[in-house]
Amino acid sequence: MAGITDWPWRYWAARKPQALALTVEAQPWSWQRLASHCTALAADFSRQGVNPDDIVALRGKNSAAMLFSYLALLQCGARVLPLNPQLPAALLSTLLPSLGVAHFLSVAPSDADFPLSCNLLHYPDKVTDETPPERQSPAWQASRLATLTLTSGSSGLPKAVVHAFSAHIASAQGVIELMAFTAQDSWLLSLPLFHVSGQGIVWRWLTAGARLVLRSAQPLEHALQDCSYASLVPTQLWRLLAQGTLPDSLSAVLLGGAAIPLELTQQAEARGIRCWCGYGMTEMASTVCAKRADGQAGVGLPLLAREIAVQDGEILLRGDSMAAGYWRDGALLPLTDSDGWFHTRDSGVFQYHELHVLGRLDNQFFSGGEGIQPENIEALLLAHPKVRQACVVPVSDAEFGQRPVAVIDVSPEVTLTAICDWLTPQLAGFQRPVAYYALPTELQGGGIKIARVQAWAEKIYRNG
Ligand code: 4YB
């Protein structure tokens, strides 16, 4: 694999100008066209006042305009903070000033064409009559801080995780090697750019000089046409399998973001899809451990340039893909201990020569004085052939303190009552969920996140 020595789109444009870099809907883009487009857009951003090291919030769903803005802002030397368009205005009004955001760019879903100019809002309102001088792109430097990616904590404001280009590339190299992703392959941008899983796809594409496929407005099975690789959260793959709509071109799927049911990878492998089970997180720029699905629970071993330790049942990580820190009040806060380890708060164990992720250390709760580890109940639920995803969370209860409820995604041919009848005899009284809810779609993007499911379940349970 080549060492990238320029902005990656320019690096590939210099080496294979006419090769296909991108497919947007049905439109092909060569590396040359992509590089010229990014360079023109970067010049426009810089005319509008974007300076090296400025933090630029980039809000939007995946689209060509989002991708081009992401690349062009990086080429200006700015640090890009991709934002989920669903984040409420009240949260942004606290978060953005605390991060020192200089400019805000909101990309509307209708920006389907490829604008050479996007209007930035300056933040806080920087009123100026002067047109800033146009600057040359700064030189590519792998050690430069490139992106801020939000990750939700268990409480408070989301944390902004800062990655240098070198971390994204180190992350990409491990996955490219493991999954044998080559310049002849294509990866669908199947997960959002505002999540580390979407940026992981972009950096694998740029590092390998392969082809990226962007088909934002289509159902997944259409978007996947003529793609060889995709990153999926378990629900997306369950749906494709249930609909029987897996395209022939799809040969490899990287799964992650949440526990991956064995039944899922077994079904997909039986249909000719090679599946990799991954364990990753924002702080490590996506995948840390992964393995080809082999019918055994577990997420394999650390990829190239990552290390794992398990200390007192907690998974610790370090390696070249690690973030430079969290961004707070204009400075980087370290995220490691004095030995350079990041403490994940995930509980894990090395068993049969691979890592097993057991759940979040902080998920244990108490009901009437009895300790409940939700993952134990989830594992039973996932053993039911019709349960695709399961999440057990506590809701507050006057008598018991907290009680478990089950939020599950099941195949349509089975009812929640049937699941309850099946599960109840397998559990001690205090472990039995007091309610069963269908997992709503809004909680399924990017891997199920417990804090969000818990807040949702608490509200539904309260309202009867
Ligand atoms: C897990 C878990 C697992 C994460 N078992 N808990 O490119 C990829 O690696 C990818 C491909 C497909 C789908 C998602 C991805 C990701 O990047 C996911 C990264 C992610 O979820 N980051 S996060 O910061 O939002 O959440 C991290 C947490 O998610 C971890 O600390 C775990 O608790 C959980 N998780 N993979 C069980 N295989």
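In the predicted model, the charged end of Arg15 is placed over the ring of Tyr11, at 3.7 Å from the ring centre. A second contact of this kind involves Arg292, whose charged end sits over the ring of Trp276, 5.4 Å from its centre.

Contacts between aromatic rings were also computed. A pair of aromatic rings is described by the distance of the centres and the angle of the planes. The count comes to 13 aromatic pairs. One of them joins Trp31 and Trp205; the ring centres are 5.5 Å apart and the planes lie at 20°, under the 30 degrees required, so the pair is classed as stacked. Trp31 belongs to helix α2 (residues 31–47) and Trp205 to helix α6 (residues 196–208), so this pair ties together parts that are 174 residues apart in sequence. Trp31 and Trp205 are both buried.

The pair of Phe181 and Tyr229 is edge-to-face, because the planes of the two rings stand at 65°, with the centres 4.9 Å apart. Phe181 lies in the loop between α5 (165–179) and β9 (186–188), whereas Tyr229 is in strand β11 (residues 229–232); the pair thus links distant parts of the chain, 48 residues apart. Phe181 has a relative accessibility of 3% and therefore counts as buried. Tyr229, at 1%, likewise counts as buried. One aromatic cluster is formed by Trp7, Trp9, Trp140, Phe165 and Trp203.

Leu301 is part of strand β15 (residues 301–302). The relative accessibility of Leu301 is 45%, so this residue counts as partly exposed.

Technical notes. Residues numbered from 1 in each chain as written. Predicted model: local features only at pLDDT ≥ 70, side-chain atom pairs only at ≥ 80, totals over all residues. Heavy atoms only, no water. Helix = DSSP H or I, 4+ residues; strand = E, 2+ residues; numbered from the N terminus. Buried < 20%, exposed > 50% of the residue type's maximum accessible area, 1.4 Å probe, protein only. Phe/Tyr/Trp six-rings, centres within 6.5 Å; stacked < 30°, edge-to-face > 60°. Lys NZ or Arg CZ within 6 Å of the ring centre and 35° of its normal.
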